[in-house]
Amino acid sequence: MPSIPTTRLRLAGIIIFLVLLIDQVVKFWVKTTMYLGEEHRVFGHWFYIHFTENYGMAFGLEFGGMAGKFLLSAFRILACIAIGWYIVHLARHRAHPGLMVCFALIFAGAVGNIIDSAFYGMIFNDSTDGIARFLPPDGGYAGFLQGRVVDMLYFPLVSGRFPDWLPIWGGETFLFFRPVFNIADASISIGVILYILFQKRFHEGDHAQKTETDAPGATDASSGLS
């Protein structure tokens, strides 16, 4: 089994640590200083800190009640275990550093939202009653894996009205970008987008190695060296 290059694992570890640190610091600040629905304008009319919470998936999407919440949390945990294993696998096989960065971002984002879901219900009281307290004396608002994910990044970049002649949506107003999200969501999205854009470059070394291995006489040569 190949040894694990510490440089690649260190790169992934630094990215995961920084994303989780920033994600959780921002969430703690929002949770303990803002009431649910409060917002602060950051830049013009296109970037706000808007405090909201969701029970399920990324970008404010929700998923099927308490049973759905447990299933989603279990899926997230299993996915994180699989991605963590794959990051070690990539490091062991000396994958392209860019590939390590992509999966480190995805892993960190997934873990960031799992932390909310697993623990926030236990360590905060409900924000619907006002600004939440950390470790309230009466206990939290929910049990393990029943916490709500904290979202705060809101970018209403473009708003307008669809022309009347457009089928289905004609005459209706629109807003882009409507979902409110968090640092963890952004980390997952950036990791996925970077992988889609640069996957060919990331895997060039794999293709070259496979071509060299599959070349005529390569097997015999390698056998002779063993």
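I started with burial. Asp-116 comes out at 0% relative accessibility, so I file it as buried, given that the cut-off is under 20%. Lys-27 also has a relative accessible area of 0%, so it goes down as buried too. A reminder to myself: this is a predicted model.

Next entry: what do these two side chains do? I looked up Asp-116 and Lys-27 and found their side chains meeting in a salt bridge, at 3.1 Å from N to O. This one links distant parts of the chain: Asp-116 sits in helix α3 (residues 97-123), Lys-27 in helix α1 (residues 6-33), and they are 89 residues apart.

How many salt bridges does the structure hold? I get 6.

Then I went to Lys-31. Its side chain meets that of Glu-53 in a salt bridge, 2.4 Å from N to O. Again the pair ties distant parts of the chain together, with Lys-31 in helix α1 and Glu-53 in strand β2 (residues 47-54), 22 residues apart. I checked burial here as well, and both Lys-31 and Glu-53 are buried.

Last pair for today: Arg-161 and Asp-164. They form a salt bridge, and their closest N and O atoms are 2.7 Å apart. Buried or exposed, I wondered about Arg-161 and Asp-164? Both are exposed.

Conventions:
Residues are numbered from 1 along each chain as its sequence is written. This is a predicted model: local features need pLDDT of at least 70, side-chain atom pairs count only at pLDDT 80 or more; totals for chains, interfaces and linings use all residues. Side-chain values use heavy atoms; hydrogens and water are left out. A salt bridge is a side-chain nitrogen of Lys or Arg within 4 Å of a carboxyl oxygen of Asp or Glu. Helices (H or I, at least four residues) and strands (E, at least two) are DSSP runs, numbered from the N terminus. Buried means under 20% relative accessible area, exposed over 50%, partly exposed in between (1.4 Å probe, protein chains only).
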